[in-house]
Protein chains: 2
Amino acid sequence: MTIVEAVRWSADGSAVDIIDQRRLPGEMLRLELRTANEVCEAIATLAVRGAPAIGVAGALGLFASLASQTHDTHESFLDTLDILATRIAAVRPTAVNLPWAIGRMRAAATSAQGDVSDIMAALRAEATAILHEDRAMCRRVGEHGAALLFDGARVLTHCNGGALATSGMGSALAPIYVAHERGQKIHVYADETRPLLQGSRLTAWELMQAGVRVTLLADSMAASLMREGKVDLVMVGADRIAANGDVANKIGTYGVALAARHHGIPFYAVAPWSTVDLATATGKDIVIEHRSPDELRGPHAPANVDVYNPAFDVTPAELITGIVTDRGISSGVGLGSLHHYTTTPASE
Amino acid sequence: MTIVEAVRWSADGSAVDIIDQRRLPGEMLRLELRTANEVCEAIATLAVRGAPAIGVAGALGLFASLASQTHDTHESFLDTLDILATRIAAVRPTAVNLPWAIGRMRAAATSAQGDVSDIMAALRAEATAILHEDRAMCRRVGEHGAALLFDGARVLTHCNGGALATSGMGSALAPIYVAHERGQKIHVYADETRPLLQGSRLTAWELMQAGVRVTLLADSMAASLMREGKVDLVMVGADRIAANGDVANKIGTYGVALAARHHGIPFYAVAPWSTVDLATATGKDIVIEHRSPDELRGPHAPANVDVYNPAFDVTPAELITGIVTDRGISSGVGLGSLHHYTTTPASE
């Protein structure tokens, strides 16, 4: 099985090696990012996307962009580090992973003793740690979630909680990859996910690369598919999980959850623990971003038509069978079991 | 208010005048169809579409294409009539309205006494009757359905049950046009309707022509819109209504009905009585057409990805608040009230 690697070190360890997701699925092109310009451009234009992947790319990218500065004085090097770190962290300010990863890099530089080469060694080590932690997190999510799967399982997913959104095997798709590794035949139904078609462009493509059976459908077809008895369970990612277990995820997730409930089909949100935001009490406290009308107008609709285009929706905890994170699977709905995790994180 | 006229006689009454729906919404172009070739081409390529509109276009088109044959002998004229009628009726055999309308034209020719000019007069009269009956049917549907609306009503619709699908003011949109005529402000939310985007291309456009407020959304956004309390009722068309009140309509209708039920929002199917098929006991007896995978692959998905692409779904009667036809509104669900209609059609 080949799980695509969205973000990794280049072969010589001097650059960030990414899949250029702007060209998928038509062309599989890898890019090596060596300068802060290249790193920021790649993140800004969605060549690399998905909160975990962006965080990793930012950390590796900060190291790579400093490699040409190692002959500077200690003071000048630290000035450049500050400027580049600030710049990279700000490219997509709403994704929490990016400033978080850059913050870790800054702290590593501050803690490092010695000269510029010692700081560079500390930065490389910290970036590599962030990369490895993300990969390990994905695998733990996958191993916990795989307990819900079985040979022949038919899983509906929405958007791309895949390897392409992380540096590892993804979030929502990680259980599927683990089950596939174990020899189980899983059949994934991938919603195309309007308006940006992440299901068509990304999820279908990466599952095909790994040899996992995938069938593409329009978002509006999921309810019929369930009525035909062709879906055993739903696994979707999450952009933010509130303290009560409400889940914000790509627009359309809520409709899938309603249809799943009507047909008695289990519905799981699958995401890294870092997605749980205990400072957000319920889904009502999550502000939903509305995006450009042009995403829906495309070339098809009247040029000036009014548009409703929220990027996310909130699925209430009562429609969610369980939440799968790297710390385990919440039993029952939302809050109770999530709070349990916060006091006794799994040792794994 | 300008309700677009999808099909009508040309100014001199010698040709079928249609809106070329292949070019909408970018360009508003009317075509005059004068030959059987032109009529068949327009129907086959969806320049004119929607079962009622196709029936009317076929009837008017048969008359128009015979206009150049009036100097033939009586026998030769009837041979040509037979050939052209057979050809036009077969262009889209699954739409029942086309062979039905052509059948009426054949019967009118058979009944006509006298020479070729008498037959042509009978054919013109019958085509005009079919046109006027379709327009009157649309208006009756609209007047019955308008009783469900009120000033300020927010109506979600799916696909295009509009004026563009008929020769009159449409089916699902007819109540909205009638309410608008009466001075009520109606706000229509139009699902874009993947994969062929009839909502974006047609529904949004024709409502804007009429000055009705319309907001476009992706199909996957309807559930969120309902959760925000922005939908008062749903009105959709129907391709076939079974005897028990199950409704086959454009794929995605079923998911809308599930979301409406969850939020306590009334859900109406709005269609001409001719859509009711009492020979079909339940929705399970309706065969669902699956269309080309390429409609979903587009330029975005992997070229060879497996696809699930049903053209229609079935919404069970228990999810339907009422069925609006030119004979009135069914009270309660499906079968009982529909059977009532068949024995006591409204006198209107």
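Two strands pair if DSSP finds at least two bridges between them. By that rule, strand S8 (residues 240-242) and strand S9 (residues 247-250) of chain A pair in the antiparallel sense, over 2 bridges. Helices (H or I, at least four residues) and strands (E, at least two) are DSSP runs, numbered from the N terminus. This is a predicted model, in which local features need pLDDT of at least 70, side-chain atom pairs count only at pLDDT 80 or more, and totals for chains, interfaces and linings use all residues. Residues are numbered from 1 along each chain as its sequence is written, chains are lettered from A and ligands numbered from 1 in the order in which they are written, and side-chain values use heavy atoms, with hydrogens and water left out.

**How the two copies meet**

- S6 (residues 213-217) of chain A is mostly covered, with 4 of its 5 residues buried (buried means under 20% relative accessible area, exposed over 50%, partly exposed in between, with a 1.4 Å probe and protein chains only).
- On one side, S6(A) runs parallel to S5 (residues 187-191) of chain A, joined by 5 bridges, and Asp191(A) has Leu217(A) as its bridge partner.
- S6(A) also pairs in the parallel sense with S12 (residues 306-308) of chain B over 3 bridges; here Thr215(A) partners Asp306(B), and Leu217(A) stands opposite Tyr308(B).
- S5(A), helix H7 (residues 198-209) of chain A and S6(A) make a right-handed β-α-β unit (right-handed if, with the strands pointing away from the viewer, the path from the first strand over the helix to the second runs clockwise).

**The four-stranded sheet**

- A second open sheet, of 4 strands, has the order S11-S8-S9-S13 in chain A, with mixed pairing.
- Its edge strands are S11 (276-277) and S13 of chain A, each pairing on one side only.
- H9(A) packs on this sheet, touching S9 and S13 of chain A, and its direction makes about 35° with that of S13(A) (axes are lines fitted to C-alpha atoms, for helices over the stretch in contact, and angles run from 0 to 180 degrees between N-to-C directions).
- Thr315(A), found in S13 (residues 312-315) of chain A, is buried, with a relative accessible area of 1%.

**A closer look at Glu295(A)**

- Glu295(A) lies in helix H10 (residues 294-297) of chain A.
- Leaving aside neighbours within four places in sequence, Glu295(A) is in contact (heavy atoms within 4.5 Å) with Arg194(A), Pro195(A), Leu196(A) and Asn309(A).
- Its side chain makes a polar contact with that of Asn309(A), at 3.1 Å (a pair of N or O atoms within 3.5 Å; within protein, one must be able to donate a hydrogen and the other to accept it, and residues adjacent in sequence count only if both atoms are side-chain atoms).
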